[in-house]
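Please look over the sequence and the model shown here before reading on.

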Amino acid sequence: MDDTGRGDAGSDQTAGAADPHGDGADDLLDSDTGREPGPLKAGKQKKQRSFWKELPILVVVALVLALLIKTFLVQAFSIPSGSMENTLRINDRVLVDKLTPHFGSKPSRGEVVVFHDPGNWLSDEPTQQQSGNSLIRGVQDVFSWIGLMPSANEKDLIKRVIAVGGDTVSCKGTGPVYVNGKPLDEPYIYPGATACGDKNFGPLKVPADSIWVMGDHRNDSLDSRYHMDEPGGGSVPDSDVVGRAFTIAWPISHWATLPIPSTFTQSGISTQAGALLVNEPALAGLIGAVPLTYLQRRIRLRRRRTQD
């Protein structure tokens, strides 16, 4: 406080002492503002909420945020079987990106994706069992609803995308798997398993807006190979894909990211651009005409400038 403030404080205290009817308390200055406390400040103090009254509001806000994150951003899923070993092991928890599909992003070759059961794929696959304790089961249900725990009632699968719509895929004998005529180098396959497992297939063309999926444990995965006689020929519609699994979050000792293996980005594996030019000649002509037209206009402008 400056010199003026100290002077004012001294004069107020002297006046209070000289007042025979004053009790002295009303003349004390507020330590924060240097002014006498008035009824307004006292009213404000009474209106302040206690921590326990604000706690329910904070809990509700936290639950709403968690629900929004689960619905639109990230959700945890539990691995119930060994079909993706050793990349993913039983009871691992993975985090799945649910945001990019909302913006029209489609699955890519090599991604590990979670998708809804497109038919009756889960009839032979185990699902997570709920606790026999009703209290624990209730807590699990609440946490699953807001996305903090995987749901025991999930009817979803997790596999690796081998091919996408328009690709030609095949596998014979012990492999390798061929995508658009390019062999895949798959070091992530379960040790001792072969690329085809015990189920040869193809060559077959994956329908548009669909994916061909396989488990990394080819001998223990009922994937696209085992549903070729069903609608879609074993392929999974893009619309059934929940999102891409991008990391193993639990247990901590298994923590790892799930990148796309380099074999899926090898030169020549993607023929979609070539197919576009073959199947859409009018569009191919338009693509070629644009740079030629631009070049022609540039030449004409240079000639005019030279003549001028």
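Glu85 is found in the loop between β1 (74-78) and β2 (93-97). This is a predicted model, in which local features need pLDDT of at least 70 and side-chain atom pairs count only at pLDDT 80 or more, while totals for chains, interfaces and linings use all residues. Residues are numbered from 1 along each chain as its sequence is written, and side-chain values use heavy atoms, with hydrogens and water left out.

**Surroundings of Glu85**

- Glu85 counts as buried because its relative accessibility is 18%, where buried means under 20% relative accessible area, exposed over 50% and partly exposed in between (1.4 Å probe, protein chains only).
- Not counting residues up to four places away in sequence, Glu85 touches Ile90, Tyr188, Tyr190, Asp216 and His217, a contact being heavy atoms within 4.5 Å.
- From C-alpha to C-alpha, Glu85 and Pro191 are 9.1 Å apart in space, although 106 residues separate them in sequence.

**Salt bridges**

- Six salt bridges are found in a search of the whole structure, each being a side-chain nitrogen of Lys or Arg within 4 Å of a carboxyl oxygen of Asp or Glu.
- One of them joins the side chains of Arg109 and Asp167 at 2.7 Å, N to O; Arg109 lies in the loop between β2 and β3 and Asp167 in the loop between β4 (156-164) and β5, so the pair ties together parts that are 58 residues apart in sequence.
- Arg109 counts as buried at 12% relative accessibility, and Asp167 is buried with a relative accessible area of 0%.
- Another joins Glu111 and Arg244 at 3.9 Å, N to O, and this pair links distant parts of the chain, with Glu111 in the loop between β2 and β3 and Arg244 in strand β11, 133 residues apart.
- Glu111 is buried at 11%, whereas Arg244 counts as partly exposed at 26% relative accessibility.
- Asp216 and Arg160 also meet in a salt bridge, at 2.8 Å, N to O; Asp216 lies in the loop between β9 (210-214) and β10 and Arg160 in strand β4, so the pair ties together parts that are 56 residues apart in sequence.

**Backbone geometry**

- Most residues other than glycine have a negative phi, and most peptide bonds are trans.
- The peptide bond from Gly175 to Pro176 is cis, with omega near 10 degrees, and Pro176 is placed in the loop between β5 (168-171) and β6 (177-179).
- Gly202 and Pro203 are likewise joined by a cis peptide bond, with omega about 5 degrees, and Pro203 is in strand β8 (residues 201-205).
- Asn91, in the loop between β1 and β2, has a positive phi near 75 degrees.
- Asn180, in the loop between β6 and β7 (182-183), has a positive phi near 55 degrees.

**Largest pocket**

- About 330 Å³ of space lies in the largest pocket; on a 1 Å grid over the protein atoms alone, a pocket is an open set of points where a 1.4 Å probe fits, with protein on both sides within 12 Å along at least five of seven lines, and lining residues have an atom within 4 Å of a point. Grid points are joined across faces, edges and corners, and the volume is the space filled by probe spheres set on the points.
- The lining comprises 18 residues, of which Pro101, Ser105, Val241, Val242 and Gly243 lie nearest the centre of the pocket.
- The largest share of this lining, four residues, comes from β11.

Technical notes:
Helices (H or I, at least four residues) and strands (E, at least two) are DSSP runs, numbered from the N terminus.
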